[in-house]
Amino acid sequence: MIDRFKRALAEFRKPSPASQAALARSRQIRARETLAAGNAARDEEDWAAAAGFYAAHVAQKPEAAAIHIQLGNMLARSGDPVGAERSYRQALTLAPDADAWLQLGRTLAAVGRRAEAIEALVEAGRLAPGDPDVRTELAAVGAPELAVENDRPRSAHVRDLARVGGRLEQTLDALHDWLSVSTYPREAYDVFRRNFPITPPPHRVVAEITVVVEALYASPARIRTTLLALQDQSLTSWRAIVLAPSRVLEHPVASLALCDDRVSFVTPDMATLPAGPVLSLTAGTILHPEALSWFAFAQERTGAEAVYCDHDHVVEHWRHGPRYMDPVLHPMPDREDLRTTPAPPEALLLASATAAEELMTALRRHDQEAAAGAAARRDLLLAKVDRVPVAHLPRLLASVSELPDGAGQGRRSEDEDVPGMAASAVVSMEAEPAAPDWSIAVIVPTRDEAAMLETCVRSLFERAARPERLTVVIADNRSQEPETARVLAELSGELNVVVVPVDEPFNWSRINNLLAATRLEDLLIFANNDTVMLTPNWDEIVRRRAAADGAGLVGARLLYPDGTVQHAGMTLGTGEGTPDHEGVGADGNDHGPVGRWARSRSAAGVTGAFMAVRREVFEQAAGFDAGALAIGYNDVDFCLRVRRMGLRVIYAGDVELIHLESKTRGRNETRARIAWDRGELRSLYETWGEGLTFDPGHNPHWAPAGGAAFDGFQEPTSRRVLRHLELSARLHPWAPPKGEAWSD
């Protein structure tokens, strides 16, 4: 009886077919609504909201593998790698998807689980052979050789293209057009170089150029390499003078002067150079056939007294031809970059009436150095930058031969700080003057976070060379916790710390302006409370950088707590065009192209998390914009104003701090914060227009291949090359240009 009753009750409670259908329809509607809401939040870049909607959707439709991937993407962007990994693995239990493996690999790499990341990326490559995103990610984690290429023969692709287009020639033309707007990852530089041979300048210029080949320590093979390249020049009105020791004049290489009357060999003490333009080279440098034509064109177009180009390195095989590598893509003229670069320009045209005399004087100054030519070119440019027009020609017109010789020049060095740089290209840096005896005030806004603040302040004093010349001024912006009051009292009692209460809503620009106005120190430093100084004697380095000729303000290299790079200067106009940090996520030992993330150089901007400026410069620039830029982009705006004054923003890569990045204020994850950020970005653009995209330090050959500004290469358009050339020849080339857009 009881069993029959239970069965009857269960049957009574069982939904009818009609009610079951209605319930299913209701669930479908809710699932569609949550999916639509998630997509909308994703499009608005509200990652946290999108993650919530996608989570609700997969709760109703757990079999939706694609939405598990979307949920993982949103969690990753919201700073939840653990949740993202869980979502990707759930998607993979439902379907073996290449994108899920790819996203999982990216997430694992971002948190330092390299071995697991490689396994995931290899699996993605197995499912999607030839996928360029997989190749890029494997290259980023240092395993490009594990990429799985498409098994389909290239000839099959070509036949298909020909069949679709009707004619093979038309199809290949279309393919070249596509390549012209494509990017090549850094590991594919040789392919890029071959796909885009140097074209002639817009028009030919008739000019007579004397090429001075410095060969005091070069082998005859390197001299021969340079002279043979000169004989291939499209501009034929040149003369080559090889400066060589007397023993070389007895070598068969000197017979090349008998075969071509434009060539002569002389010892330095016998050298007399004719008037007119002089091009300085070191033996072993191979000029592209259009190089002299481009130099003549660039000098005529800009009227510059000096013109330098980009260069790379090449290994020549007697049968298979050249293999190009290690490009050196220079910025617009920059005194600090020239002072610190391990690879100054390999080809320099001097156009002044005294060019020959200037070059010989510089060479004699370094005649005991193996890299005399490179050192002389550095000296000559340092003497001219900011004083007379100097132009940068963004064309790869020179290649340094990696041909080994008995003297060891050109042989690849395994010990170089800059991987792959030819030993002959590395020259000693210009000595720095002593640091001035400047007092320093470090201004640190804070709201509670007592432990973090204490670590920040103590690290500044402990690692200072002259702590007695250092004052830390803490802006206490409405702290509430008793621990904060205790720490502030302790710091001000033990160290040279001044606490200033600021009882008003948080406005980073206004707070820093208020406290800066009360200080009389020579140097003002604005620092976040979530930073920790790592560099011993940092204060002396900052003093020297800020006192350098033409310096306006100084920034530093910031690292995440795991040692990866958070900030290595700012770059403008790349990606979507918004200001961005260089080097984000790179290993702390990765010094970047030509060491740019670890040395001192000019930058388009630096972060306000650590920014040093002379007090008179801060006052002249009128401080930070507290009205339109209370929270973000105030540092970018200030850097642009300093650059507009004709001063330089120095990125000091030799000063390192840990930066927790927005721990106090939080990240832009909510819709409200994203809206505020976009409003301030709009205000910044209204002030600067296309000047906001002008980055003199970003060579137009660089293009983001994997999301970062220095990940890959692209062939710059003719318009971009010419615009860059013209702007570089201004007396203050780093000042934001006025009027028309500078780029494409």
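1. In which sense do S7 and strand S8 (residues 321-328) pair, and over how many bridges? The two strands pair in the antiparallel sense, and six bridges link them. They form a hairpin, with three residues lying between S7 and S8. Within this pairing, Val314 stands opposite Tyr324 in S8. The model under discussion is a predicted one, and the points below should be read accordingly.

2. With strand S10 (residues 390-401), S7 runs parallel, and nine bridges join the two. Cys309 is found opposite Leu393 of S10.

3. How much of S7 is buried? Nine of the 12 residues in S7 are buried, and the strand is thus described as mostly covered. Strand S3 (residues 238-243) is likewise mostly covered, with five of its six residues buried. Strand S3 pairs with strand S2 (residues 209-214) in the parallel sense, over six bridges. In that pairing, Ile209 stands opposite Trp238 of S3.

4. A separate item is an open sheet of three strands, arranged in the order S1-S24-S23 with antiparallel pairing. Its edge strands are S1 (184-185) and S23 (702-703), each of which pairs on one side only. Strand S1 is joined to strand S24 (residues 712-713) over two bridges, in the antiparallel sense. Pro185 has Gly712 in S24 as its bridge partner.

5. Turning to the helices, how do H4 and H6 cross? Helix H4 (residues 65-77) and helix H6 (residues 98-110) have axes that come within 10 Å and cross at roughly 15°. Because angles under 35 degrees count as roughly parallel, H4 is roughly parallel to H6. The crossing of these two helices is left-handed. On the H4 side, the residues that meet H6 are Ile69, Asn73 and Ala76, and on the H6 side they are Asp99, Ala100, Gln103 and Thr107. Sorted by class, this contact comprises three nonpolar, three polar and one charged residues.

6. Helix H18 (residues 450-462) packs on helix H19 (residues 482-494) at an angle of about 15°, and their axes are 9 Å apart. That angle makes H18 roughly parallel to H19. The crossing is right-handed for H18 and H19, whereas it is left-handed for H4 and H6.

7. Which residues make the contact between H18 and H19? From H18 come Ala450, Leu453, Glu454, Val457 and Arg458; from H19 come Glu483, Thr484, Val487, Leu488, Glu490, Leu491 and Glu494. By class, the contact of H18 with H19 has six nonpolar, five charged and one polar residues.

8. Thr578 is located in the loop between strand S18 (570-571) and strand S19 (580-581). Is Thr578 buried, partly exposed or exposed? Its relative accessibility is 29%, and Thr578 therefore counts as partly exposed; the buried class applies under 20% and the exposed class over 50%. Leaving aside residues up to four places away in sequence, Thr578 touches Thr571 and Leu681. The C-alpha atoms of Thr578 and Tyr685 are separated by 9.6 Å, although the two residues are 107 residues apart along the chain.

9. Some totals give the wider setting. The chain has 744 residues, of which 53% count as buried. Its secondary structure comes to 25 helices and 24 strands. Among contacts between residues at least 6 apart in sequence, 74% join residues that are at least 24 apart. The parallel pairing of S7 with S10 and the antiparallel pairing of S1 with S24 each join segments from separate parts of the numbering, as the residue ranges given above show.

Terms used. Residues numbered from 1 in each chain as written. Predicted model: local features only at pLDDT ≥ 70, side-chain atom pairs only at ≥ 80, totals over all residues. Heavy atoms only, no water. Pairing = 2+ DSSP bridges. Helix = DSSP H or I, 4+ residues; strand = E, 2+ residues; numbered from the N terminus. Axes fitted to C-alpha atoms, helices over the stretch in contact; angles between N-to-C directions. Parallel < 35°, antiparallel > 145°, perpendicular 65-115°, else oblique. Left-handed = near helix turned anticlockwise from the far one by under 90°. Contact = heavy atoms within 4.5 Å. Nonpolar A, V, L, I, M, F, W, Y, C, P; charged D, E, K, R; others polar. Buried < 20%, exposed > 50% of the residue type's maximum accessible area, 1.4 Å probe, protein only.
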